[in-house]
Amino acid sequence: VFKTLIREFFREFIELFLPDKAAVIDFGSVVFLDKETFMDLPRGRKRGMDLVVQVRLKGGGRELILVHTEFESKRKAAFPRRMCEYHCQLCLRHHQPIVPIALFSDDGEWRERLPDGYSLKVAGETYLAFRYHLIRLRDFDARTYLRQQNPLAFALAAKMKYSKREVVRMKADFLRLISGSRVNAARRSLLVDFVETYTPLSPRQERRFETIITADRKYAKVGEMITVYEKRGIQKGMQKGRQQGMQQGMQQGMQ
């Protein structure tokens with residue numbers, strides 16, 4: 001889910017969390033490198049990198065940089081070292097500057113903050129010092145990001161910090177802002193799917209949600225948008241059912 005969303009909203013992602021980098025990137029030059037793998041030694045297993053993007057910098061120069069982003073659902077003590085290993089592999093392969101980013105989506109409380117770097121020292125002397133951008137959504141206040149003009153913020157806010165007692169109203173607000181954002185229907189559906197995935201409601205909460213979006217006119221577009229996506233989901237389900245039925249019929253005929 002995260003990889004698909006950030007791939008589609010890559011520019012918005014960089015503008016949201018790394019505005020200084022966004023200011024110098026030529027987003028018309030974006031190329032996604034889909035087959036970047038990492039050999040996990042000594043186990044000998046190949047591991048795919050989540051998202052590696054090649055971009056040019058503004059100014060007409062030919063300088064290229066790679067933006068490497070990993071998506072993590074929980075804190076792992078060995079993660080900084082793994083990021084460093086990925087970084088070294090990319091450097092050896094592409095010989096280009098790399099901006100490493102880690103996006104954490106976990107909801108748990110960290111007793112100890114994960115380092116945003118990794119170093120190698122011998123006898124007190126540092127021989128390797130690696131740093132990466134550590135972005136943990138839980139560290140950000142959701143309401144602050146709802147005041148952004150960035151449509152990606154309205155979806156990612158679902159994984160940010162807010163009281164779970166407010167989840168019904170917050171979900172209504174996430175969807176209200178998405179419905180009013182200036183993105184096409186396909187991109188809007190990705191944002192909606194993300195919110196639906198990460199803000200599930202109980203039946204009682206669903207009833208309250210329905211009351212909110214029908215009683216307050218500012219949520220009118222939310223009801224219309226949900227209806228459209230529900231119809232699409234039903235149509236897809238019917239189409240899939242027809243295809244499965246045809247396949248079963250063909251198999252029975254062959255028998």
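Which residues in H7 meet which residues in H8? I started there, in what is a predicted model.

**Entry 1: H7 against H8.** I listed the contact. On the H7 side I found Lys171, Phe174, Leu175, Ile178 and Ser179. They meet Arg188, Leu191, Val192, Val195 and Glu196 in H8. I sorted these contact residues by type: six are nonpolar, one is polar and three are charged.

Next I looked up the geometry. H7 covers residues 167–179 and H8 covers residues 185–198. Their axes lie 10 Å apart, at an angle of about 175 degrees. Angles over 145 degrees count as roughly antiparallel, so I noted H7 and H8 as roughly antiparallel to each other.

**Entry 2: H7 by itself.** I checked its length. At 1.5 Å a residue, the 13 residues of H7 should span 18 Å. The end C-alpha atoms are 18 Å apart, which agrees. Then I checked burial. H7 is mostly covered, with 11 of its 13 residues buried. Among the buried ones are Lys171, Asp173, Phe174 and Ile178.

**Entry 3: the sheet.** I traced an open sheet of five strands in the order S1-S4-S5-S6-S9, with mixed pairing. S1 (25–33) and S9 (133–136) stand at the edges; each has a single partner strand, so one side of each lacks a neighbour in the sheet. Neighbouring strands are turned by 25 degrees against each other on average, direction ignored.

I followed S9 to its partner. S6 (residues 98–104) pairs with S9 in the parallel sense over four bridges. Ala102 stands opposite Leu134 in S9.

**Entry 4: helices on the sheet.** H2 (residues 10–17) touches S1, S4, S5, S6 and S9. Its direction makes about 120 degrees with that of S1. H4 (residues 79–94) touches S1, S4, S5 and S6. The direction of H4 makes about 150 degrees with that of S5.

Conventions: Residues numbered from 1 in each chain as written. Predicted model: local features only at pLDDT ≥ 70, side-chain atom pairs only at ≥ 80, totals over all residues. Heavy atoms only, no water. Axes fitted to C-alpha atoms, helices over the stretch in contact; angles between N-to-C directions. Helix = DSSP H or I, 4+ residues; strand = E, 2+ residues; numbered from the N terminus. Parallel < 35°, antiparallel > 145°, perpendicular 65-115°, else oblique. Contact = heavy atoms within 4.5 Å. Nonpolar A, V, L, I, M, F, W, Y, C, P; charged D, E, K, R; others polar. Expected span 1.5 Å × (residues − 1). Buried < 20%, exposed > 50% of the residue type's maximum accessible area, 1.4 Å probe, protein only. Pairing = 2+ DSSP bridges.
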